[in-house]
Amino acid sequence: MISLLVIDDEPDIAECLSEALQDQGHRVSIAHDGQAGLRMLDAHVFDVVLTDLMMPIMDGEELLRRIRSHPRLASVPVIVMSAGLINDEVRSLANVCLIKPFKLPALYDHVTQLVAR
């Protein structure tokens with residue numbers, strides 16, 4: 001069972017992704033901003049993080065920087081999703097970048113491939 005953390009400030013999107021990933025047999029936790037997500041990452045071990053970029057309190061770009069600079073979290077695979085443009089820094093720090101809307105089978109494939117590494 002793969003353990004995922006979904007971070008998105010839109011409750012409907014977070015819940016939809018959570019349900020879809022749970023239907024694939026994964027364990028999913030949800031946070032609604034980067035700060036809450038970082039607290040969850042400090043307290044629990046996740047196999048993959050799926051985060052939005054545009055969020056209140058701490059956006060996905062800052063979250064990604066903090067994950068990559070944290071000794072225990074630096075190697076955790078991160079999938080970034082955004083409805084807007086994804087800059088070069090984010091592309092260099094993320095394992096995968098998805099533009100919303102994306103197809104769920106593509107997400108499932110990315111999750112599986114990242115955990116298999």
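**Fold, helix packing and selected residues**

Q: Among contacts in the protein chain between residues at least 6 apart in sequence, what percentage joins residues at least 24 apart?
A: The structure is a predicted model, and contact here means heavy atoms within 4.5 Å. Contacts are considered between residues at least 6 apart in sequence, and the share that joins residues at least 24 apart is 61%.

Q: What pLDDT do local features need in this model?
A: Residues are numbered from 1 along each chain as its sequence is written, and side-chain values use heavy atoms, with hydrogens and water left out. In this predicted model, totals for chains, interfaces and linings use all residues, side-chain atom pairs count only at pLDDT 80 or more, and local features need pLDDT of at least 70.

Q: Which pattern does the protein chain follow along the sequence?
A: Helices (H or I, at least four residues) and strands (E, at least two) are DSSP runs, numbered from the N terminus. The chain has 5 helices and 5 strands. Read along the sequence, they give the pattern β-α-β-α-β-α-β-α-β-α.

Q: What is the radius of gyration of the protein chain?
A: The radius of gyration is taken over C-alpha atoms, and the globule rule is 2.2 Å times the number of residues to the power 0.38. For 117 residues this rule gives 13 Å; the chain comes close to that value, so it is as compact as a globular protein of that length, with a radius of gyration of 13 Å.

Q: At what angle do helix α1 and helix α5 pack?
A: Two packed helices are described by the angle between their axes and the distance between the axes. Axes are lines fitted to C-alpha atoms, for helices over the stretch in contact, and angles run from 0 to 180 degrees between N-to-C directions. For α1 (residues 11-23) and α5 (residues 104-116), the axes are 11 Å apart and the angle is about 60 degrees.

Q: Which residues in α5 meet α1?
A: The contact of α1 with α5 has 7 nonpolar, no polar and no charged residues; Ala, Val, Leu, Ile, Met, Phe, Trp, Tyr, Cys and Pro count as nonpolar, Asp, Glu, Lys and Arg as charged, and the others, Gly among them, as polar. From α1 come Leu 17, Ala 20 and Leu 21, and these meet, in α5, Leu 104, Leu 107, Tyr 108 and Val 111.

Q: Is Asp 52 buried or exposed?
A: Asp 52 is placed in strand β3, where it touches residues including Ile 7, Asp 8, Met 81 and Lys 100, not counting residues up to four places away in sequence. Buried means under 20% relative accessible area, exposed over 50%, partly exposed in between (1.4 Å probe, protein chains only). The relative accessible area of Asp 52 is 6%, so the residue is buried.

Q: What is the relative accessible area of Ile 57?
A: Ile 57 is in the loop between β3 (48-52) and α3 (60-69). Although not a glycine, Ile 57 has a positive phi of about 70 degrees. Ile 57 is exposed, with a relative accessible area of 65%.

Q: Which residues is Arg 91 in contact with, leaving aside its neighbours within four places in sequence?
A: Arg 91 lies in helix α4 (residues 88-93) and is partly exposed, with a relative accessible area of 44%. Leaving aside neighbours within four places in sequence, Arg 91 is in contact with Ile 86 and Cys 97.

Q: What is the omega of the peptide bond from Lys 100 to Pro 101?
A: Pro 101 is in the loop between β5 (96-99) and α5. The peptide bond from Lys 100 to Pro 101 is cis, with omega near -5 degrees.
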